[in-house]
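I opened the notebook to look up pockets. Here is the structure I worked from.

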Amino acid sequence: SPRCGWMWGSRSLTVLSLPAPAGRRPAGPRHCERLLVMVEPGAFADDDEQSERERLEIARRYREQRGRELRELARPHLRRDVLEVGEFSTVPIEALAAVPFLGAFLALATRLRPSHRGLSRNVLMALDRDELHLLAIQFELEGTKATLVSSWPRSSVRIGAIKPKFMREAVSFEIDGQAPMTLYASSLRTNPWAAALVKALGGAAPEPRDLGRAADG
């Protein structure tokens with residue numbers, strides 16, 4: 001309510017809305033200037049440990065859910081079961097944008113020039129038993145859609161250099177009979193889907209963070 005005198009409460013907080021002192025009260029009967037906040041002793045000390053457990057649980061759920069979503073996007077376009085699938089970008093837009101001041105101009109210039117080999121800026125690389133597949137991603141009102149762009153025999157593809165590129169990692173896919181194709185991924189340490197695909201193709205990728213339990217301490 002906009003009137004003074006309201007109270008809101010939760011398990012650990014109580015907030016009271018009080019009238020301002022008469023000498024400093026603004027004109028009109030519906031204005032309040034002071035809030036009194038009461039906190040239960042130790043309320044936040046207990047929440048810190050719980051929050052760590054909750055963060056790990058949220059991260060586990062997201063990892064499982066996102067893995068299912070990526071497989072569902074790729075599955076209709078593969079003739080065999082999806083073994084690994086990872087998200088990549090053809091240009092490091094997000095990384096460029098993170099560079100203070102300069103980033104905004106670099107990102108704009110990157111958006112204005114054509115993407116790598118005319119590909120969509122967001123792509124999936126999906127691996128089955130026999131082939132590696134490149135799929136373009138489109139974000140539409142009805143949902144995310146994937147379109148098959150190209151496929152190669154698994155034996156003809158290798159991972160070349162993996163280098164940091166601003167705040168992302170540039171992954172070089174070496175394909176027999178054509179120039180290397182460089183795609184960009186968020187840190188492989190926190191991107192278990194792309195990391196697993198890179199490892200399956202013989203590349204060096206770190207193990208993802210262990211989300212099994214909260215840190216001791």
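I worked on a predicted model, where local features need pLDDT of at least 70, side-chain atom pairs count only at pLDDT 80 or more, and totals for chains, interfaces and linings use all residues. Residues are numbered from 1 along each chain as its sequence is written, and side-chain values use heavy atoms, with hydrogens and water left out.

**Largest pocket.** I looked up its volume and got about 240 Å³. A pocket here is an open set of points on a 1 Å grid over the protein atoms alone, where a 1.4 Å probe fits, with protein on both sides within 12 Å along at least five of seven lines; lining residues have an atom within 4 Å of a point. Points are joined across faces, edges and corners, and a volume is the space filled by probe spheres set on them.

I found 19 lining residues. Nearest the centre lie Arg66, Glu87, Phe88, Asn122 and Arg168. Helix 1 (43–74) gives the largest share, four residues. Strand 4 (84–89), strand 5 (122–127) and strand 6 (131–140) each supply at least two. Helices (H or I, at least four residues) and strands (E, at least two) are DSSP runs, numbered from the N terminus.

By class I noted ten nonpolar, five polar and four charged residues. Ala, Val, Leu, Ile, Met, Phe, Trp, Tyr, Cys and Pro count as nonpolar, Asp, Glu, Lys and Arg as charged, and the others, Gly among them, as polar.

**Second largest pocket.** I noted a volume of about 170 Å³. Its lining includes Ala59, Tyr62, Trp193 and Arg209. Helix 1 gives the most, three residues. Helix 4 (192–200) supplies at least two. I noted five nonpolar, one polar and three charged residues in this lining.
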